[in-house]
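Hi everyone, thanks for coming. Please have the sequence and the 3D view open while I talk.

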Amino acid sequence: MPSVGGLAGALSKATAEDKRELYQALGLRLTYEPASTTVRAEVNLDPQAVGLKVVSGGGLEPPRPVKGTSTSS
């Protein structure tokens with residue numbers, strides 16, 4: 001998996017069209033606030049929208065001994 005630094009480097013070399021497609025897929029929305037001269041950035045990280053695969057947390061618990069099989073007294 002690329003690091004964030006690697007992603008920033010790739011974006012700096014990407015064409016305007018490639019960036020547009022990526023930002024559109026992420027649902028990136030930038031809103032300029034002139035009074036405070038700030039930009040608010042929002043993204044839509046809906047897995048369906050960006051093609052992400054979601055893995056549930058089930059099965060990630062540490063193993064527990066089965067009742068009645070402990071070797072301690």
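Predicted model: local features only at pLDDT ≥ 70, side-chain atom pairs only at ≥ 80, totals over all residues.

Residues are numbered from 1 along each chain as its sequence is written, and side-chain values use heavy atoms, with hydrogens and water left out.

Let's start with the layout. The chain has three helices and two strands, and from the N terminus on they follow the order α-α-β-β-α. Helices here are DSSP runs of H or I with at least four residues, strands are runs of E with at least two, and both are numbered from the N terminus.

How much of the chain is buried? Buried residues make up 0% of the 73 residues. For that word, the cut-off is under 20% relative accessible area; exposed is over 50%, and partly exposed lies in between, using a 1.4 Å probe and protein chains only. The chain exposes about 6700 Å², and carbon and sulfur atoms supply 60% of that area. Accessible areas come from the Shrake-Rupley method with a 1.4 Å probe, and for residues only the protein chains shown count as cover.

Now find the two strands. S1 (residues 29-33) and S2 (residues 38-42) run antiparallel and are joined by five bridges; strands pair if DSSP finds at least two bridges between them.

On to the charges. Side chains of opposite charge can pair when their charged atoms come close. Here, a salt bridge is a side-chain nitrogen of Lys or Arg within 4 Å of a carboxyl oxygen of Asp or Glu. How many salt bridges are there in the whole structure? The search finds three.

One links Glu-17 and Arg-20, at 2.8 Å from N to O. These two are three residues apart in helix H2 (residues 16-26), so about one helical turn separates them. Glu-17 is partly exposed at 39% relative accessible area, and Arg-20 is partly exposed too, at 41%.

Shared partners join Glu-33, Arg-40 and Glu-42 into one network. Arg-40 is partly exposed, at 43%.

Last stop: the surface. Leu-22, Tyr-23, Leu-28, Leu-30, Tyr-32, Val-39, Val-43 and Leu-45 form a nonpolar patch with about 730 Å² of accessible area together. Patches use residues with over 30% relative accessible area and no salt bridge, joining like charges within 9 Å and nonpolar side chains (Val, Leu, Ile, Met, Phe, Trp, Tyr) within 5 Å. H2 and S1 each supply at least two residues of this patch. Leu-45 sits in the loop between S2 and helix H3 (47-50). Is Leu-45 buried or exposed? Leu-45 is exposed, with a relative accessible area of 54%.
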